[in-house]
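Here is a short briefing on helix packing. Look over the fold before reading on.

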Amino acid sequence: MPIIVNLDVMMAKRKISSMELAERIGITTANLSILKTGKAKAVRFSTLEKICEELECQPGDILEFRKE
């Protein structure tokens, strides 16, 4: 898949756990895990906005496009 999810990298840089981030943005840890592993087929802009707000980053810090 050409969209790479770097959420785990940003979480490590900000020293925040999956449980803590999930709680702060209002989703389950299972759904956050699906996002982190790149298995999600879509992400709501509202969820992406909350993630960026909590991690103090831009969407491009989390999502990356690579040609196959």
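Which residues are exposed on the other side of helix 2? They are Met-19 and Glu-23; exposed means over 50% relative accessible area, buried under 20%, partly exposed in between (1.4 Å probe, protein chains only). This is a predicted model: local features need pLDDT of at least 70, side-chain atom pairs count only at pLDDT 80 or more, and totals for chains, interfaces and linings use all residues. Residues are numbered from 1 along each chain as its sequence is written, and side-chain values use heavy atoms, without hydrogens and water.

**Helix 2**
- Helix 2 spans residues 18-25, with Leu-21, Ala-22 and Ile-25 buried.
- These three share one side of helix 2, because they cover an arc of only 100° around the axis (directions from the helix axis to the C-beta atoms).
- The buried residues pack against helix 1 (7-14), helix 3 (29-36) and helix 4 (45-55).
- Helices are DSSP runs (H or I, at least four residues), numbered from the N terminus.

**Thr-47**
- Thr-47 sits in helix 4.
- Its relative accessibility is 16%, so Thr-47 counts as buried.
- Beyond neighbours within four places in sequence, Thr-47 contacts Ile-25 and Leu-35 (heavy atoms within 4.5 Å).

**Helix 1 and helix 3**
- Their axes, lines fitted to C-alpha atoms over the stretch in contact, come within 8 Å and cross at roughly 115°.
- The two helices are therefore roughly perpendicular (65 to 115 degrees, between N-to-C directions on a scale from 0 to 180).
- Leu-7, Asp-8 and Met-11 of helix 1 meet Leu-32, Leu-35 and Lys-36 of helix 3.

Methods
Angles under 35 degrees count as roughly parallel, over 145 as roughly antiparallel, 65 to 115 as roughly perpendicular and the rest as oblique.
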